[in-house]
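Reader: Hi, I have a model open and some quick questions. Can you walk me through it?

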Amino acid sequence: MDQEITLRVDGKEHTLTVDTRTTLLDALRERLGITSAKKGCDHGQCGACTVLLDGRRANSCLVLAVANAGAEVVTAAGLADGDELHPMQRSFISHDAFQCGYCTPGQIVSAVAMLREAEAGWPSVVSEDLDADEVVLDHGEIAERMSGNLCRCAAYANIVPAIAEVARS
Amino acid sequence: MSGRGAVGAPLDRVEGHLKVRGAATYANEWPVENPAYLYPLLSTIASGRVTGVDASAATAEPGVLGVLTHLNAPKLAWPNDPEVAALQSGEVAFHGQFVGAVVAESIEIARYAAGLVTLEYEKRPVDVDMRADRDDLLKPQHAAIFGSQPGDLQDGSSADSAVGDFEAGMDSAIHTLDATYSTPIQHHHPLEPHTAIAVWTDDEITLYCSSQGVHLHRTLLANAFGIDASRIRVISPHVGGAFGSKVFPVTWATLAFMGAQLVPGRPVKFALTRQQMFTLVGHRPATIQRIRLGADADGRLVALGHDVVQETARAKQYAEQTVAASRLMYAAPHRRTTTRIATLDLPVPTIMRGPGEATGMFALESAMDEFAVSMGMDPIEFRVLNEPAVHPESGLPFSSRHLVTCLREGSRRFGWEHRAPATPARSENGWLIGTGVASSTYPSPRLPGNTATIRVGADGRHTVRIAAADIGTGTWTTLAQIAAEALDVAVEDVTLQIGDTDHPLASSAGFSSGINCWGTTIHAAAGELRAALNENGGAVPDEGLEVTTDIPDNPYIAQYAMYSFGAQFAEVRVHEDTGEVRVPRLLGVFDVGRVINPKTARSQLLGGMTQGLSMALHEAAAIDPRYGHVVNNDLGGYHFAANADVGSIEVHCLEERDPYVNPMGSKGAGEVCIVGTAAAIANAVCHATGIRVRDLPITLDKLLR
């Protein structure tokens, strides 16, 4: 069964017809040709497909496009302002926080959203005080909050300082 | 910047600005018009044959363009290699083998219709019993059967070796150790699955695919389909990780070709699912390894033995050099190594980062630690005492070998002198804390089949072409740096072109050979171009100047043993009540020759160490003995290290230039870093707890007593 939906992706509106079985990730990649979000496991286990969905990070392989008609989607491509990269993107480059680059757009989107979550005071499983007003993003907090994004090249030792630098600024 | 400072500069990756936006084009992302989609059918038995196919429901499904099985698939010219050929008969040799495919108008339709195809099987008994006491173990003939080189093992070396009289050496020893270690099946799992877009026309066949070597893939597919290789173009500029899984297994590309033949002229897109990657793209074979060591009263080794049994597939023999490192690491007058294989109804194993050395050195370096402790010796001093002057088997000198410096420098940086000699070492808030060390090594081979073209235009831009691969290794950046230095021009004045069979021949990315092979070839071409320019009075003619050069012979290969070395240090914490293991600190000190780019090299080295941590603590395929399938076949069940599993990782390179391996002075860096990590962690766990885990991975059940 097909359904017409509208998605706003990286600031641009798209109207498209999707199979009701189509995931948001496949709608982006196969229907709209927007390939910034990657398919790593199609299973919600690797995080390579992470996008901002109405402002919050989400695995786009785990949601159906038809159930998100009208949604605002931001990919790593949409974080950049034209040729001007987002500070998180610049920090990933200068810290060499990736090798093959396949998990990278998902890591970066996830990191940007994670900083907003921390700023809003959301605790993580390693936070000692669940009611603290302020989250201190030390190594343990960043690593925990970023563990939904797997990196098989294993750039974790560069990803954490890349994010920490942006968090400090 | 002039060319003089190009090599050794910690440059950012040149393609980094693409990767951080998700704009680097991976195989399945090439924009193509009106693609069809392929979804495969996998066998649900491990041994037997397909006796019946009912594809009627699938064929009748709207949007289905075709169903392929062995009954109607094209007959291949080269049907017998199960890493290349697919659907050539109904025979099933492992669970999760390709037995069919559906081509349809969309991913959703193809996948749904695949579920409508019914297959009937005749089953044979399943044998996946990995034991060292099987009565049908074989001496391997891997290279002789499938390779082009002599020898028994995958790298062309012999299965067995002997120097002196091993048994007599053991009899003469004052101290002895006899211990058996085992490692499970492990999987590569690059984040980018094996994907392809194939377009088949009467003239040209185009394959966008995820490849560690486009020329090898083209050759394999041309042979399989019995067509001229010049008709096929393979394109793979960016590869989302590989670790050995994107070299030899290409049945997925074969299937994409078959799908493309069904709909000539129309692009066919195919991506393996994560679950399918557990059986179709190789794995690191399981091993059972017996190490025997004998030493004199001072701790000098007099005998060293390493006997390996490893798993291989009934479909195709694969046997790797698990014993290789034991042949060169330590001096001992009496020595032997043996390799035997257990042939099982399992998918075909393949090379995985550090093939052989990664598992072999877990055993040897664990044994060295156990033996040192049993003799009351410091593990570092025991290794230093047994440092060989020359290669212990071949007698060749090493081109460079700074293992002792790595151990000493690592000891200083890690604070080894403060290590408590006793076990359990130290306890803190319910955590037992220990430290461990292990050595690392990996060869620096030079592979044939490399050619580079360099063209300089009147504008002074240099275009360097070679069909090399960047699988995350930094090739896009480092080869440009090598070219810039050799041409004595700025890196910005070099345009590198790789990852496409339209570029000259290149060996695959593997065996830590990339820089050694591609870089050496580019270096030679640069020399020729500069000579040609000199002949022209130093000026570039209006029409430009171009040279094409093959990789030069290295006369030193016959005269020197060429290896990278390293020393890895680990601090672990083991929870007294739960047995949970954490690794707050890893340090690696490496002798990899001159470093081309310290930034990308460091990433590669710490990435390998992290995969070594993952090998030590997390990774194992669980095979069901009844049905022969991988039970934990997703990234939830097969866990590899996530961010929170990793603590501090420090990397230090000695920067000692190697005089003989290549003109850049470099040695291999991609694999030495995963070799030894698991042993360093196992040794630290033993230091913390007194429990010696000889069976990877080190899970908490093995630490609860």
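Author: Here is a short tour, starting with the ground rules. This is a predicted model, where local features need pLDDT of at least 70, side-chain atom pairs count only at pLDDT 80 or more, and totals for chains, interfaces and linings use all residues. Residues are numbered from 1 along each chain as its sequence is written, while chains are lettered from A and ligands numbered from 1 in the order in which they are written.

Reader: OK. How many helices and strands does chain B have?

Author: Chain B has 15 helices and 24 strands. Both are DSSP runs, numbered from the N terminus: helices are H or I with at least four residues, strands are E with at least two.

Reader: And what does the C-alpha trace of chain B span?

Author: About 75 × 75 × 50 Å along its principal axes.

Reader: How much of chain B is buried?

Author: Of its 705 residues, 61% count as buried. Buried takes 20 or more other C-beta atoms within 10 Å of the residue's own, exposed 12 or fewer, and partly exposed is in between; C-beta atoms are placed from the backbone.

Reader: Give me one residue. Where is A561(B)?

Author: A561(B) lies in the loop between strand 21 (545-550) and strand 22 (563-575) of chain B.

Reader: Buried or exposed?

Author: A561(B) is buried, because 22 C-beta neighbours fall inside 10 Å.

Reader: Which residues is A561(B) in contact with?

Author: Leaving aside neighbours within four places in sequence, its contacts include L328(B), H391(B) and F398(B). Contact means C-beta atoms, placed from the backbone, within 7 Å.

Reader: How far is A561(B) from G579(B)?

Author: Their C-alpha atoms are separated by 42 Å, though the two residues are 18 apart along the chain.

Reader: New topic. How many residues does each chain put into the contact between chains A and B?

Author: Chain A gives 51 residues and chain B gives 47. On the side of chain A that touches chain B, helix 6 gives the most, with five residues.

Reader: What classes are on that side of chain A?

Author: There are 26 nonpolar, 15 polar and ten charged residues. Ala, Val, Leu, Ile, Met, Phe, Trp, Tyr, Cys and Pro count as nonpolar, Asp, Glu, Lys and Arg as charged, and the others, Gly among them, as polar.

Reader: Last one. What does UniProt say about residues 21-125 of chain B?

Author: An unreviewed UniProt entry annotates them as "domain: Aldehyde oxidase/xanthine dehydrogenase a/b hammerhead". Such annotations may be inferred rather than shown by experiment; positions use the numbering here, and feature names are shortened. In the model, that stretch is 12% helix and 33% strand.

Note on methods: Two residues are in contact if their C-beta atoms, placed from the backbone, lie within 7 Å.
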